[in-house]
Amino acid sequence: MTPEARIDALERDFGPLDDPDNPLGADRLIAADTRGEVLAEGEAVLDAHAMNTEFVPESLGGRLNRMDVLGRVLRPMFRRDASLGFGYGLNCFFAAAPVWSGGDPAQLRLTAAHLLEGRRIAVARHEVAHGNDFVRDEFEAEPLPGGGYLLNGRKTAIANAHRADGLVVFVRTGDAVAGRSHSVLLLDRRELPEDALRNLARHSTTGMRGGEFGGLEAQDCPVPADALIGEQGDGYRLSLRSSLLIRGLIPSIVLAGADTALRTVVRFAVRTRDDGRSSLDVAHVKNVLTGAFLDLLLSDCLALVATRALHLLPRQVSVYAAVAAYVVPKITAEAMDELSAVLGEAQFGGAGAYGMFAKQVRDLPVTSLGHAGSAGRQVSILPQLPLFARKSWFSDDEPPATLFRPYDALPPLDLDSPALLADSDPLSATLTGTAHAEGTALGELTRLLSDELGELRKAFVEIDPADRKALVSPFSFGLADRYALVLAAAACLGVWREQREAATDQDPFLADDAWPTAVLYRLCRRLGLPLPDRPTGCEQRVLAEVLARLHGRRSYDLYGSPLA
């Protein structure tokens, strides 16, 4: 079965969200969320589709061979219920990522067996690698003279803690500095003494209420030597390497929830009131709906680049994954705020479509910050920018065109190849390489953003790459924010250009320059750049697509996938 067929089949089996008779419809999902539960019927659908196999590399018997496809497979789940999508599967991938990145053959086989046989894996991260943990506590593992470790400590908020047979645990193994204080252990809970690792009470959350965030406490728990992933002290390195796999998926799960939110508000806006008018008669409402859709398209361009770069640009992917994970939750949260104003008091409805909107608003902070917060992503971007300013910007060649072509084949996923720090920035060359379309609004906006990249180059050339104080100053953080928006523009231009030139699989809307023109206008406005005339004609074309996708039941992303 092709990836598209798998995705479409999963969407069909979940059924329409707006069908009151659907056991997985909005009313049932909201009721389960209110109870703090995940619908068993939803897990049954995922079991029937062998969803866990999506998180296991093909070489180990799973289906994982393309990260962009994995991002798309997650969307039917997250359009409905983040607790289901995260608790059932994505958290298992988060947990498995350190094993896929650094495990030995036996650890790879054990982790694959857990997932392929339908079991769960959970991850307990330490506070530095997971700086947004709502509870700061950790495990310690004391090396034993005869080999192995003695595990002690507790974590009170671990997703799937009580349901997982496999545990990936970040533990303190010493007082070493320079990032060598922590290690990672792979535990099979079935093999541990029952009284040595006990469950703690479930931790409640405001968002993703159905997610099971429980605690674990270890008391003199013996751990075999072969549980160590990599070398002792590799915890920080494995966390960074795992983030290269995880960050590129964040945009997909965030925009999936926002897709449902936007569809809810569009349906509300087109509803005819008693006076014969609708919210769409208000210019501000049109602008909000258009802007939200543009933000989702921008988000998907970043998702596409970040996931496909793992295959095509492994030495540069670190910065693209970090930018994607930083920008998308930020602009999506702003879009959700604007959408909520359109709904007005209707957003407080407890059931049905409006209840789903409120649920997506609650879930967004959890889904977007579940791996690392915004500041952490900026910090990972910043050290690379002085290098780009000196050696890359305005001199690199453009990336391969297939980076922007979602249906093109990709080379096999090699999890050993991604570099922790990028050595160049070919994506930015897409922006400078497109800066010659004179006489059009798109050309003018592209030139403004290319000039902004030039200003960033001047600023970062003045910053010593070894000056850590300068790199973490408020001024540098502001520059990183601006760079992220410029890079988002480059991703959108690349996708549009390849759609325009495509001989097959061309989407007429994506090949039209209306959407990139409107996206770049919004980005220039965010950056405070001098703006040309507003591209109202382009925005009207985008709004028409918003309405067409509502009535045609197609997703609000690059794919326009059919919805149940």
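Mentor: Asn160 lies in the loop between β3 (149-159) and β4 (164-172), and we are looking at a predicted model.

Trainee: What makes Asn160 buried?

Mentor: Buried means under 20% relative accessible area, and Asn160 has a relative accessible area of 2%, so Asn160 is buried. Phi of Asn160 is near 65 degrees, a positive value in a residue other than glycine, whereas most residues other than glycine have a negative phi.

Trainee: Which class does Glu142 fall into at 48% relative accessibility?

Mentor: Exposed would require over 50%, so Glu142, at 48%, counts as partly exposed. Glu142 is found in strand β2 (residues 139-143), and, not counting residues up to four places away in sequence, Glu142 touches Gly148, Tyr149 and Leu150.

Trainee: How do you know that the buried residues of α12 line one face of the helix?

Mentor: In α12 (residues 374-381), the buried residues are Arg377, Gln378, Ser380 and Ile381. Seen down the axis of α12, these buried residues fall within an arc of 160 degrees, and therefore they line one face of the helix.

Trainee: Why is α17 called roughly antiparallel to α19?

Mentor: Helix α17 (residues 474-501) and helix α19 (residues 514-527) pack at an angle of about 175 degrees, with their axes 10 Å apart. Angles over 145 degrees count as roughly antiparallel, which makes α17 roughly antiparallel to α19. By class, their contact has 14 nonpolar, no polar and 2 charged residues; the residues that meet include Leu485, Cys492 and Trp496 in α17 and Trp515, Val519 and Leu523 in α19.

Trainee: Which residues have the most contacts inside the largest nonpolar core?

Mentor: In that core of 156 residues, they are Phe93, Leu289, Tyr483 and Trp515. Leaving aside neighbours within four places in sequence, Trp515 is in contact with residues including Leu294, Cys301, Phe509 and Val542. A second, separate core of 23 residues includes Ala141, Ala161, Ala196 and Ala218.

Key:
Residues numbered from 1 in each chain as written. Predicted model: local features only at pLDDT ≥ 70, side-chain atom pairs only at ≥ 80, totals over all residues. Heavy atoms only, no water. Buried < 20%, exposed > 50% of the residue type's maximum accessible area, 1.4 Å probe, protein only. Helix = DSSP H or I, 4+ residues; strand = E, 2+ residues; numbered from the N terminus. Arc of directions from axis to C-beta. Core = buried A, V, L, I, M, F, W, Y, C linked by side-chain atoms within 4.5 Å. Contact = heavy atoms within 4.5 Å. Axes fitted to C-alpha atoms, helices over the stretch in contact; angles between N-to-C directions. Parallel < 35°, antiparallel > 145°, perpendicular 65-115°, else oblique. Nonpolar A, V, L, I, M, F, W, Y, C, P; charged D, E, K, R; others polar.
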